[in-house]
Amino acid sequence: MVSGLILVVDDETAIQSAMQSLLASWGHEVIVAESCAQMLDKVATCPRQPDLIICDYRLRQGENGIATIQRLQSE
């Protein structure tokens with residue numbers, strides 16, 4: 001049984017992996033990405049809206065978590 005869809009945006013692979021393992025072990029479907037652009041690509045064809053977004057504040061190339069979440073919400 002899948003409890004919810006959670007998006008995890010973090011530019012560190014180790015954190016992506018750990019969050020995916022933890023959240024999946026709790027029964028959630030998890031989509032991970034290292035940037036806003038990558039997340040948009042991954043969720044473009046997803047039939048469900050996310051129940052939760054977990055996003056690091058400081059991402060590579062000057063991206064920040066607040067702008068990333070706002071962009072995901074607007075899509």
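Is E29 buried, partly exposed or exposed? E29 counts as partly exposed, at 33% relative accessibility. The cut-offs are under 20% relative accessible area for buried and over 50% for exposed, with partly exposed in between (1.4 Å probe, protein chains only).

1. **Basis.** This is a predicted model: local features need pLDDT of at least 70, side-chain atom pairs count only at pLDDT 80 or more, and totals for chains, interfaces and linings use all residues. Residues are numbered from 1 along each chain as its sequence is written, and side-chain values use heavy atoms, with hydrogens and water left out.

2. **β-α-β unit.** β1, α1 and β2 form a right-handed β-α-β unit. Helices (H or I, at least four residues) and strands (E, at least two) are DSSP runs, numbered from the N terminus. Right-handed means that, with the strands pointing away from the viewer, the path from the first strand over the helix to the second runs clockwise. β1 (residues 5–9) and β2 run parallel, joined by five bridges; strands pair if DSSP finds at least two bridges between them. I6 has V30 of β2 as its bridge partner. Four of the five residues of β2 are buried.

3. **Helix α1.** The helix covers residues 13–25, 13 residues in total. G27 follows α1 and has a positive phi, near 95°.

4. **Salt bridges.** There are three, counted where a side-chain nitrogen of Lys or Arg is within 4 Å of a carboxyl oxygen of Asp or Glu. E29 and R48 meet at 2.9 Å, N to O. This pair links distant parts of the chain: E29 sits in strand β2, R48 in the loop between α2 and β3, 19 residues apart. R48 is partly exposed, at 33%. R48 also bridges to D51, with the closest N and O atoms 3.5 Å apart. D51 is exposed, at 54%. R71 and E75 meet at 3.3 Å, N to O. Salt bridges with shared partners join E29, R48 and D51 into one network.

5. **Two loop residues.** S35 lies in the loop between β2 (29–33) and α2 (36–43). S35 is buried, at 17%. Leaving out residues up to four places away in sequence, S35 touches V9 and E63; contact means heavy atoms within 4.5 Å. Q61 lies in the loop between β3 (52–55) and α3 (65–74). Q61 is exposed, at 82%. Q61 is not a glycine, yet has a positive phi of about 60°.

Notes. The expected span of a helix is 1.5 Å times one less than its number of residues.
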